[in-house]
Amino acid sequence: SLSFTDEEASQIANIKAKANDNLTAGILDVIMGRKSLEEYDNIINTAKKAGYDDMIKIYQSAYSRYLK
């Protein structure tokens, strides 16, 4: 399984705390028809601004360590 440094784990927790609820709610709104599909890109961009790209890098780094 992947293991994270204490700093990485803290960063992941902070990013998830900031963005997870909003991302999930936004995607569900699109699925349920409360928001149009055209708004999907805005939802994803908001998640990226909250640090999701950084979280992906952290996971990629942990995965690279795992493979060694």
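Buried here means under 20% relative accessible area, exposed over 50%, and partly exposed in between, with a 1.4 Å probe and protein chains only. The model is a predicted one, so local features need pLDDT of at least 70, side-chain atom pairs count only at pLDDT 80 or more, and totals for chains, interfaces and linings use all residues. Residues are numbered from 1 along each chain as its sequence is written, and side-chain values use heavy atoms, leaving out hydrogens and water.

The protein has three helices and zero strands, where helices are DSSP runs of H or I with at least four residues and strands are E runs of at least two, numbered from the N terminus. Its C-alpha atoms fill a box of roughly 45 × 20 × 20 Å along the principal axes. Of the 68 residues, 24% count as buried. Among contacts (heavy atoms within 4.5 Å) with a separation of 6 or more, 73% come from residues 24 or more positions apart.

Now for the rings. Rings of Phe, Tyr and Trp (its six-membered ring) pair if their centres lie within 6.5 Å; planes under 30 degrees apart count as stacked, over 60 as edge-to-face, and the rest as tilted. That rule gives two aromatic pairs. Phe4 and Tyr59 sit edge-to-face, 5.0 Å centre to centre with 75 degrees between the planes. Phe4 belongs to the segment before α1 (6–32) and Tyr59 to helix α3 (residues 52–67), so this pair links distant parts of the chain, 55 residues apart. Tyr59 has a relative accessible area of 32%, so Tyr59 is partly exposed; Phe4, at 29%, is partly exposed too.
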